[in-house]
Amino acid sequence: MLFLKKIGILFEDFENMKTKIIFFIGPPGSGKGTQAEILSGKFSFYHLETSKILESKIMDAKKGEYIQIEGKTYFFDKEREKWKNGLILSPPFVAYLIKEKVRELAEDKRKIVFSGSPRSIYEAEELLDILLQFYLKDEMLVFNININVEESVTRNSKRRICQLVRHSILYNEETISLTKCPLDGSQLLKREGLDDPETIKKRFEEYEKQTFPVIDFFKNQGIRIEKINGSYSPVVVFENIISILEK
Ligand SMILES: [Zn+2]
């Protein structure tokens, strides 16, 4: 992204940092995907983008396709409908797809930054269960990025994604005049259905109800939580994140 060039900090000290698993938890439009993307670009973290994994699995699924988890059947068609309406997908369905990916990465001993997982306590339990087979609690860190509902609606209703890789381009003064993706040059589009103000409000409420309690869950598990104000520009937010990682 454009502002990456402005961040000229040296990072060799960070290669030995103890944090191996980072979670960004925040409402839609809080910039968690952007921050995770910068982190993965600066360090050797794999950026696990839940929405990207879900979107591609759901959109590519054939009519009638399903998976079975603990005797229950989950149809992709049904999950796709929820996705389009801004509702949170069935937790076991999401957890299954994400765990599949995590296991693959963990077996390669990768550092992982999550933006968008876990979305529910159920998912957090499932995720932690698999992560603890490979990593220590001391190696995990949760960033809770906050913005309010008005900001969430404004930012998301103007968000665009690129045609090629679905890079998400948040609305701000640096991206306002872009027509092509700064990373691959493909056309920038609005996401169908997902970014109408009403849908975003619904997503924000779902976040507060289902995802926000995950922070306390992690805290009770003894995992470090750090609060971040997401209403600043991405560069400032990133600097705040770096100063916490240095601690
Ligand atoms: Zn792109």
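Colleague: What makes a residue of the protein count as buried, and what share of the 247 residues is buried?

Modeller: A residue is called buried if 20 or more other C-beta atoms, placed from the backbone, lie within 10 Å of its own, exposed if 12 or fewer do, and partly exposed in between; by that rule, buried residues make up 34% of the 247 residues. This is a predicted model, in which local features need pLDDT of at least 70 and side-chain atom pairs count only at pLDDT 80 or more, while totals for chains, interfaces and linings use all residues. Residues are numbered from 1 along each chain as its sequence is written.

Colleague: Which residues of helix α6 are buried, and what do they pack against?

Modeller: In α6 (residues 149-157), the buried residues are Ser152, Val153, Arg155 and Asn156, and the buried residues of this helix pack against α7 (197-211). Contact here requires that the C-beta atoms of two residues, placed from the backbone, lie within 7 Å. Helices (H or I, at least four residues) and strands (E, at least two) are DSSP runs, numbered from the N terminus, and the protein has 9 helices and 10 strands.

Colleague: Why are α2 and α4 called roughly perpendicular to each other?

Modeller: The axes of α2 (residues 50-60) and α4 (residues 91-107) cross at roughly 110° and come within 11 Å, where axes are lines fitted to C-alpha atoms, for helices over the stretch in contact, and angles run from 0 to 180 degrees between N-to-C directions. Angles under 35 degrees count as roughly parallel, over 145 as roughly antiparallel, 65 to 115 as roughly perpendicular and the rest as oblique, and α2 and α4 are therefore roughly perpendicular. Where these helices meet, Thr50, Ile53, Leu54 and Lys57 of α2 face Val94, Leu97, Ile98 and Lys101 of α4.

Colleague: Why is one side of β2 and of β10 left without a neighbour in the sheet?

Modeller: The open sheet of 5 strands has the order β2-β5-β1-β6-β10, with parallel pairing, and strands pair if DSSP finds at least two bridges between them. Since β2 (45-49) and β10 (224-229) stand at the edges, each has a single partner strand, so one side of each lacks a neighbour. For β2, 5 bridges join it to β5 (residues 111-115), with Glu49 standing opposite Ser115.

Colleague: How do you know that the radius of gyration agrees with that of a compact globule?

Modeller: The globule rule is 2.2 Å times the number of residues to the power 0.38, and the radius is taken over C-alpha atoms; for 247 residues a compact globule would have a value near 18 Å, and the protein has 18 Å, which agrees.
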